[in-house]
Amino acid sequence: MEWDPSRFFHPQGSSSPYALLILNQPINEKAFGVLSRYASYIICADGGANRLFDMPEDNDQLPDSIVGDLDSIRPAVREHYEKLGVSVLQDLDQYSTDFTKCLKYLNAHAAEIIASPRKGAKATKSDTNGANGSTSTSPSDQSPLEIVILGGLGGRVDQAFSQVHHLYMMTQTQRSIRENETNPSSSDAKPAAGGNLYLVSEESITFIIQTGKNTIHTPATKRADIATASASGVSKSPRKRKHGQEQEQEQELEPEYFFEENIGIIPLSSPAKITTHGFEWDVENWHTEIGGQISTSNHIRADKVEVETSVPVLFTVELAERLKR
């Protein structure tokens with residue numbers, strides 16, 4: 001299976017469609033500024049609307065919908081967005097969270113979101129680096145609607161664990177939906193539903209890689225083994241520098257990285273055996289479990305890295321400094 005978390009940070013936009021889901025957690029405003037630019041859809045999970053509303057005044061992004069039991073959204077915020085034509089949908093199901101309610105909504109409407117993305121979103125195409133490895137646009141094998149979740153892991157520990165738990169649980173649910181979608185005989189098929197989930201927190205992007213071989217695209221990583229000026233795949237922009245009393249315009253090339261080099265591979269539901277390639281410290285058939293050995297603070301050493309695992313595990317990579325909250 002192939003993963004490309006870098007696609008969401010490219011200046012030209014992602015080559016495959018994605019929705020941005022805002023949780024009721026402090027927003028990483030720097031990452032939001034990049035991610036919202038080309039998102040096909042922006043959805044707030046109940047109180048996530050408060051977080052978006054409370055962002056600096058120069059943020060002019062409106063959500064496309066607000067979904068949840070609506071016990072957290074402030075009345076003034078709800079009124080504000082409703083007056084601007086934002087869809088506010090109440091779901092009183094007591095057996096699901098606002099997060100899972102939003103996922104249910106996105107899966108149900110994935111095909112129409114891809115067909116009619118929000119204004120300003122980049123026109124998308126099938127992604128040959130995606131999980132499907134296909135360029136066909138037929139309903140059964142087009143790129144699914146991937147979902148980037150804006151949340152926080154730096155607050156209460158129980159809430160952080162809850163987010164990781166839901167990321168793990170719903171990734172498996174999304175995978176099942178995707179498998180049904182590619183099965184023409186399935187009565188539960190939902191075109192373009194079941195896309196991968198990525199959690200963007202204050203300093204990292206995190207996702208659950210699946211059993212078997214996983215290839216993860218990591219271009220534009222700030223790596224210690226590569227000189228800054230020759231960083232592979234890094235776009236560069238000019239900046240100004242002051243000399244004494246004068247401000248000179250210098251076309252100095254400043255790399256725009258997507259990631260720092262630090263990664264972690266964490267087993268969640270059970271012990272795992274992993275084999276890795278493309279890191280500073282690669283392992284082969286290595287046993288990892290909570291309470292035993294776990295892989296943290298390893299370093300990316302290639303534009304594509306590989307992790308083969310016996311069970312699904314969490315993979316996390318540090319965001320570039322310019323994308324951190």
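**Pockets and cores in a predicted model**

Mentor: Before you ask anything, note that the largest share of the lining of the second largest pocket, five residues, comes from helix 6, and keep in mind that this is a predicted model.

Trainee: OK, and how much space lies in that second largest pocket?

Mentor: The second largest pocket holds about 400 Å³ of space, and it is lined by 17 residues, with Leu23, Gln25, Phe99, Ser162 and Gln163 lying nearest its centre.

Trainee: Which helices supply at least two residues of its lining?

Mentor: Those are helix 4, residues 98–108, and helix 6.

Trainee: How does that lining split by class?

Mentor: The lining of the second largest pocket has six nonpolar, nine polar and two charged residues.

Trainee: Now the largest pocket: how much space is in there, and which residues are closest to its centre?

Mentor: About 520 Å³ of space lies in the largest pocket, and of the 19 residues that line it, Leu153, Val164, Ile266, Leu268 and Leu314 are the closest to its centre.

Trainee: Which elements give two or more residues to that lining?

Mentor: They are helix 6 (157–181), strand 8 (204–209), strand 13 (259–267), strand 16 (295–299) and strand 18 (313–319), and of the elements it is helix 6 that gives the most, with five residues.

Trainee: And what are the classes there?

Mentor: The lining of the largest pocket divides into nine nonpolar residues, 10 polar residues and no charged ones.

Trainee: Switching to Pro267, where is it, and is it buried or exposed?

Mentor: Pro267 sits in strand 13, and it counts as buried because its relative accessible area is 1%, which is under the 20% cut-off.

Trainee: What does Pro267 contact, leaving aside its neighbours within four places in sequence?

Mentor: On that basis Pro267 is in contact with Ala272, Thr288, Glu289, Ile290, Ile294 and Val313. As for distances, Pro267 and Ile208 are 59 residues apart in sequence and 9.7 Å apart in space, taken C-alpha to C-alpha.

Trainee: Last topic, the largest nonpolar core: which residues touch the most other members?

Mentor: Of its 50 residues, Phe9, Leu35, Ile66, Ile205 and Phe315 touch the most other members, and helix 1, residues 29–38, gives the most to this core, with five residues. Apart from that core lies another, of 30 residues, including Ile149, Val164, Leu197 and Ile208.

Trainee: Which residues does Leu35 touch, not counting those up to four places away in sequence?

Mentor: Leu35 touches Phe8, Phe9, Tyr18, Leu20, Val148, Leu150 and Val200.

How values were computed: Residues are numbered from 1 along each chain as its sequence is written. This is a predicted model: local features need pLDDT of at least 70, side-chain atom pairs count only at pLDDT 80 or more; totals for chains, interfaces and linings use all residues. Side-chain values use heavy atoms; hydrogens and water are left out. A nonpolar core is a set of buried Ala, Val, Leu, Ile, Met, Phe, Trp, Tyr and Cys residues joined through side-chain atoms within 4.5 Å. Buried means under 20% relative accessible area, exposed over 50%, partly exposed in between (1.4 Å probe, protein chains only). Helices (H or I, at least four residues) and strands (E, at least two) are DSSP runs, numbered from the N terminus. Contact means heavy atoms within 4.5 Å. On a 1 Å grid over the protein atoms alone, a cavity is a set of points where a 1.4 Å probe fits but cannot get out, and a pocket is an open set with protein on both sides within 12 Å along at least five of seven lines; lining residues have an atom within 4 Å of a point. Grid points are joined across faces, edges and corners, and a volume is the space filled by probe spheres set on the points. Ala, Val, Leu, Ile, Met, Phe, Trp, Tyr, Cys and Pro count as nonpolar, Asp, Glu, Lys and Arg as charged, and the others, Gly among them, as polar.
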